[in-house]
Amino acid sequence: MATGYVYHELYGWHDTGTHAGLLPADPRRGLQPHRHFENAEAKRRVHELVVVSGLIDRLTRLRPRPASDEEILRVHTAAHLARLASGSDAGDGGSPFGPGGLDIARLAAGGVIAAAESVVDGEVDNAYALVRPPGHHALPDTGMGFCLLANIAIAVAAVRATRGVRRVAVVDIDVHHGNGTQAVFAADPDVLTVSVHQERVFPPDSGHRTERGEGAGFGSAVNVPLPPGTGNGGYAAAMARVVVPALERFAPDLVIVAAGYDAGATDPLARMMVTASGFRAIASSLIEAAGRLCAGRIVFAHEGGYDPVYVPFCAHAVIEALAGVTEPLPDPFSPNFDFMAGQDLQPHQEEAIAAAEALLADIPG
Ligand code: 9RB
Ligand code: ZN
């Protein structure tokens, strides 16, 4: 069992600058200068925990390379690439980057490509790409929501173009809607996009169950919006009753997971309650499904997650699941978070999941 692992120090050098969270600092409005929510800390600390715990010794280090113009232009417009080459915001006014930001974004997209290629080529069994900046909100003609390039979409396009991979399922467990990946493949019946997210957070008015793909791709976009407050039980039910059956029906050749940790119990940008053991369970259900459906070919690409203290334990648990670790690192926060009231499936969450179950029948098989 070999698990590939991508990380590069440059990911920590992507500079989102001085902000008040996600707004430009502005003392005139009382917005005291602080960091941008999407700063290096959470992801850098994931890597450091992976090293300090010794998990790194059980992983096969994969070297990221910069995504080429050709690879990027399979998904994005030339105008968007030109904006990233010369600008300081990816397009929505909320996705800042410093000098050389495009080079780092290329290395993030190329990191997911490298992970996907290594899995498809059989060099490793599965892989985790700990990349930054994130990608799942980026659209063909603009970045948004802290995302510069559509890392996962670019990797899907790459393995389809050069490796003959036909059917790819993208499962997005970031707490925000995976609108970018969904938009890129909306009309494509050979790419299933499933997004499980907190209902109506970001982008605003996006990720509704009624968004189901377009034209020949109708049914190939599945959205599972969940109510605020959903914890481990609600997520486990969403996986068991919607996401895994969707994968079974679609029968992918490869699964890519948009692995965000902002559904975590302490995240500043959403209001869910998932814990490290919950993320481990979510990951295990996807890994198990990939084992049955596509010879275990699954790639996790890191997306959001903004609590620098807790995200490392959540991501560590997911990487352990990929690597088949039998003696996991204990989550020191488990006594605080695993036993909070409301971790089990609540009736209003069950209603949302039952409604999403109705989408399964139209997934292209
Ligand atoms: C801006 C706004 C945002 C942007 C991104 C996220 C989360 C992204 C993520 C949340 C809220 C609004 C810049 C609203 O973690 N994805 O996985 N809000 N952006 N107004 N303005 C001016
Ligand atoms: Zn997110």
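Predicted model: local features only at pLDDT ≥ 70, side-chain atom pairs only at ≥ 80, totals over all residues.
Me: Where do histidine 176 and aspartate 262 lie relative to the helices and strands?

Reply: Histidine 176 is in the loop between strand 7 (168-172) and helix 6 (179-184), whereas aspartate 262 is in the loop between strand 10 (254-259) and helix 8 (276-293). The pair therefore ties together parts that are 86 residues apart in sequence.

Me: Are histidine 176 and aspartate 262 buried or exposed?

Reply: The term buried applies to a residue with under 20% relative accessible area. By that criterion histidine 176 is buried, and aspartate 262 is buried as well.

Me: Let us turn to the strands. In what order do the strands of the open sheet stand, and in which sense do they pair?

Reply: Strands of a sheet pair through backbone hydrogen bonds, in either a parallel or an antiparallel sense. Here 3 strands form an open sheet in the order 3-2-4, with antiparallel pairing. Strand 3 (23-24) and strand 4 (34-35) stand at the edges with a single partner strand each, so one side of each has no neighbour in the sheet.

Me: How many bridges pair strand 2 with strand 3?

Reply: Strand 2 (residues 18-20) pairs with strand 3 in the antiparallel sense over 2 bridges. Within this pairing, alanine 20 is opposite leucine 23 of strand 3.

Me: Which residues of strand 6 lie on one side, and which on the other?

Reply: In a regular strand the side chains alternate between the two faces of the sheet. In strand 6 (residues 126-129), Asn126 and Tyr128 lie on one side and Ala127 and Ala129 on the other. All of these residues are buried, and both faces of the strand are covered.

Me: How many bridges join strand 6 to strand 1, and how many to strand 11?

Reply: Strand 1 (residues 3-6) runs parallel to strand 6 and is joined to it by 4 bridges; here threonine 3 stands opposite asparagine 126. Strand 11 (residues 298-302) is also parallel to strand 6, with 3 bridges between them. In that pairing alanine 129 faces alanine 301.

Me: What does leucine 62 touch?

Reply: Leucine 62 belongs to strand 5 (residues 59-62) and is buried, with a relative accessible area of 11%. Setting aside residues up to four places away in sequence, leucine 62 touches Gly4, Tyr5, Val6, Ala114, Ala115, Ser118, Val124 and Ala127. For leucine 62 and valine 6, the C-alpha to C-alpha distance is 5.2 Å, although they are 56 residues apart in sequence.

Me: How many residues line the largest pocket, and which lie nearest its centre?

Reply: A pocket may be described by its volume and by the residues that line it. The largest pocket holds about 270 Å³ of space and is lined by 20 residues, with Leu22, Gly145, Phe146, Phe202 and Leu269 nearest its centre. By class, the lining comprises 9 nonpolar, 7 polar and 4 charged residues.

Me: Which elements give two or more residues to the lining of the second largest pocket?

Reply: The second largest pocket has a volume of about 150 Å³, and its lining includes His34, Arg35, Ala42, Lys43 and Tyr306. Strand 4 and helix 1 (41-52) are the elements that contribute two or more residues. This lining divides into 5 nonpolar, 4 polar and 3 charged residues.

Conventions. Residues numbered from 1 in each chain as written. Chains lettered and ligands numbered in written order. Heavy atoms only, no water. Pairing = 2+ DSSP bridges. Buried < 20%, exposed > 50% of the residue type's maximum accessible area, 1.4 Å probe, protein only. 1 Å grid on protein atoms, 1.4 Å probe; cavity = no way out; pocket = protein on both sides within 12 Å on 5 of 7 lines; lining within 4 Å. Points joined across faces, edges and corners; volume = space filled by probe spheres on them. Nonpolar A, V, L, I, M, F, W, Y, C, P; charged D, E, K, R; others polar. Contact = heavy atoms within 4.5 Å.
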